[in-house]
Amino acid sequence: MHIPHPLIRISGTALLVMASVAMAACSGMTRQEKNTAIGAGVGAIGGAILTGGSTTGTVGGAAVGGVIGHEVDKK
């Protein structure tokens, strides 16, 4: 039986805790705020992929995604 390296176990636990905290932080947000955050996250990932991981592409994608997410569902 293979036992994972302690650093891998610690990293996995830390990731789980951070994900739990992030989900709890979104509980008080409005729908528009959630859409903005989701748009920024998706835009950052898309920008990073399209530009090969450049910082400028990631930040630009996050900005564009955040604006698009903010405008979705506006009445």
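The following exercises, with worked solutions, concern the predicted model shown above.

**Exercise 1.** Determine how many helices and strands the protein chain holds, and in which pattern they follow one another along the sequence.

*Solution.* Counting the elements gives three helices and zero strands in the protein chain.

**Exercise 2.** Describe how helix α2 and helix α3 pack, starting from the angle and the distance between their axes.

*Solution.* Two packed helices are described by the angle between their axes and the distance between those axes. Here helix α2, residues 31–50, and helix α3, residues 55–71, pack at an angle of about 150°, and their axes lie 6 Å apart. Because angles over 145 degrees count as roughly antiparallel, α2 is roughly antiparallel to α3. As for handedness, α2 passes α3 in a right-handed crossing.

The next step is to identify the residues that make the contact. On α2 they include Gly39, Ala40, Gly43, Ala44, Gly47 and Ala48, while on α3 they include Gly57, Gly61, Ala62, Gly65, Gly66 and Gly69.

**Exercise 3.** Compare the radius of gyration of the protein chain with that of a compact globule of 75 residues, and then consider its dimensions and burial.

*Solution.* The protein chain has a radius of gyration of 16 Å, whereas a compact globule of 75 residues would have one near 11 Å. Along its principal axes, the C-alpha trace spans about 55 × 35 × 15 Å. Finally, buried residues make up 13% of the 75 residues in the protein chain.

Key: Residues numbered from 1 in each chain as written. Predicted model: local features only at pLDDT ≥ 70, side-chain atom pairs only at ≥ 80, totals over all residues. Heavy atoms only, no water. Axes fitted to C-alpha atoms, helices over the stretch in contact; angles between N-to-C directions. Helix = DSSP H or I, 4+ residues; strand = E, 2+ residues; numbered from the N terminus. Parallel < 35°, antiparallel > 145°, perpendicular 65-115°, else oblique. Left-handed = near helix turned anticlockwise from the far one by under 90°. Contact = heavy atoms within 4.5 Å. Rg over C-alpha atoms; globule rule 2.2 N^0.38 Å. Buried < 20%, exposed > 50% of the residue type's maximum accessible area, 1.4 Å probe, protein only.
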